[in-house]
Amino acid sequence: DETVHGLYGEAVQTALTDYKTHMIIRPAGEAQKSLANLEEILESLFRAGFGRSDLLIAFGGGVIGDLAGFAAAIFKRGMPFIQVPTTLLSQVDSSVGGKTAINNSFGKNLVGAFYQPQAVITDTDLLSTLPPRELKAGYAEVLKYGLLGDAAFFGELEAGLGADILALDPAALSRAIYISCETKAKIVAQDEREGGVRALLNLGHTFGHALELEAGYDGDLLHGEAVSAGMEMAFEFSAAQGLCSEADVKKVKSHFKQLGLTSIKDVAPLLKNAQKILSHMEQDKKNEGGALTLILARGIGDAFVQKSAPRDAVFNYLAQLSETVNA
């Protein structure tokens, strides 16, 4: 995108002087993940004379990775591509696993393909130019791996690793990226196309994607911020259903507060209409047969896939939440 190009465009061009290259630069932001912008990228590749054996490099954050990956998946039925993620969120999550997608008026990432990159090249030095807000948004995805299946890793984050990550400590970043990618790779190896266990990686995302859609992808709410609030909602709802303890919910909330992560109260304006949020959630791609699928938790490090989640209970939780946070 334009921001990353301003920081690294010249260095990338210099590094590739031995190759015939064609650089595509897009505006920054989630709004770029649209059918119209995807078509512009494809047209640009065709005009430049690319073939299906040429290489596409996604150099940027999650938006660029999703756009470039999907373009690679469908350009002449598939061309090789490499991910070079430049944000914490993309380094720990979106660049790994082969999901590529764009958004539409019905929701987030609803049009896409599973298409694996040839390689993911992660350089933590690229994070030095990342704004603190983007770092915290990325940290939400690191935290996710502890909350969904690794209570010991959550304990490390709670004990100081989380603060070290946000301070860009090299050792802390390396550990966070390694643990996150290792965890995701193990899950994806079992279920590449999200027929079962891979859905665990969407902890907080069903609520979060609904928040993003309600926000309108205008940049006021980053994906990681929506996931952050969504994970808090998932734990709250799990407790309301008697699945996990209030003590675990308090631990999660305390960690959010300690590191200044986006919480439910920060997205209060988006929660005014419980029915709209529920309608957004009903468009989620994990749903089957018209029934809601949610990722809930029995405790920290013990998430599970809840198919046919009780719609009335979800609505009642959202309605109560709306009354509480907007009182």
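Helix 5 and helix 7 cross in the left-handed sense. The model is predicted. The axes of helix 5 (residues 132–149) and helix 7 (residues 170–190) come within 10 Å and cross at roughly 55 degrees.

- Asp 150 sits in the loop between helix 5 and helix 6 (151–166).
- Asp 150 counts as partly exposed because its relative accessibility is 25%.
- Apart from neighbours within four places in sequence, Asp 150 is in contact with Tyr 145, Ile 179 and Gly 301.
- Asp 150 and Tyr 178 are 28 residues apart along the chain, and their C-alpha atoms are separated by 14 Å.

- Helix 8 (residues 205–215) has 10 of its 11 residues buried, so it is largely enclosed by the rest of the structure.
- The buried residues of helix 8 are His 205, Thr 206, Phe 207, Gly 208, His 209, Ala 210, Leu 211, Glu 212, Leu 213 and Ala 215.
- They pack against strand 4 (107–114), helix 5, helix 9, helix 11 (274–281), strand 6 and helix 12 (311–325).
- Helix 8 and helix 9 (residues 223–240) have axes 7 Å apart and pack at an angle of about 130 degrees.
- Helix 8 and helix 9 are therefore oblique to each other, and the crossing is right-handed.
- On the helix 8 side of this contact are His 205, Phe 207, Gly 208, His 209, Leu 211 and Glu 212; on the helix 9 side are His 223, Ala 226, Val 227, Ala 229, Gly 230, Met 233, Ala 234 and Phe 237.
- The residues of the contact of helix 8 with helix 9 divide into 8 nonpolar, 5 polar and 1 charged.

**The end of helix 8**

- Gly 216 follows helix 8 and has a positive phi, near 85 degrees.
- Tyr 217 lies in the loop between helix 8 and helix 9.
- Most residues other than glycine have a negative phi.
- Tyr 217 is a residue other than glycine with a positive phi, near 55 degrees.
- Tyr 217 is buried because its relative accessible area is 13%, under the 20% cut-off.

- Strand 6 (residues 292–297) is mostly covered, with 6 of its 6 residues buried.
- In a regular strand the side chains alternate between the two faces of the sheet.
- Leu 292, Leu 294 and Leu 296 are on one side of strand 6, Thr 293, Ile 295 and Ala 297 are on the other, and both faces are covered.
- Strand 6 pairs with strand 7 (residues 303–309) in the antiparallel sense, over 5 bridges.
- Ala 303 in strand 7 stands opposite Ala 297.
- The hairpin of strand 6 and strand 7 has 5 residues between the strands, and Gly 301 in this hairpin takes a positive phi near 85 degrees.
- Ser 308 belongs to strand 7 and has a positive phi, near 50 degrees, although it is a residue other than glycine.
- Ser 308 is exposed because its relative accessible area is 52%, over the 50% cut-off.

- An open sheet is formed by 3 strands in the order 1-2-5, and the pairing is parallel.
- Strand 1 (56–60) and strand 5 (119–120) each have a single partner strand, so one side of each is left without a neighbour in the sheet.
- Strand 1 pairs with strand 2 (residues 81–85) over 5 bridges, and Ala 58 has Gln 83 in strand 2 as its bridge partner.
- Helix 3 (residues 62–74) lies across strand 1 and strand 2 and runs at about 170 degrees to strand 1.

Notes
Residues numbered from 1 in each chain as written. Predicted model: local features only at pLDDT ≥ 70, side-chain atom pairs only at ≥ 80, totals over all residues. Heavy atoms only, no water. Axes fitted to C-alpha atoms, helices over the stretch in contact; angles between N-to-C directions. Helix = DSSP H or I, 4+ residues; strand = E, 2+ residues; numbered from the N terminus. Left-handed = near helix turned anticlockwise from the far one by under 90°. Buried < 20%, exposed > 50% of the residue type's maximum accessible area, 1.4 Å probe, protein only. Pairing = 2+ DSSP bridges. Parallel < 35°, antiparallel > 145°, perpendicular 65-115°, else oblique. Contact = heavy atoms within 4.5 Å. Nonpolar A, V, L, I, M, F, W, Y, C, P; charged D, E, K, R; others polar.
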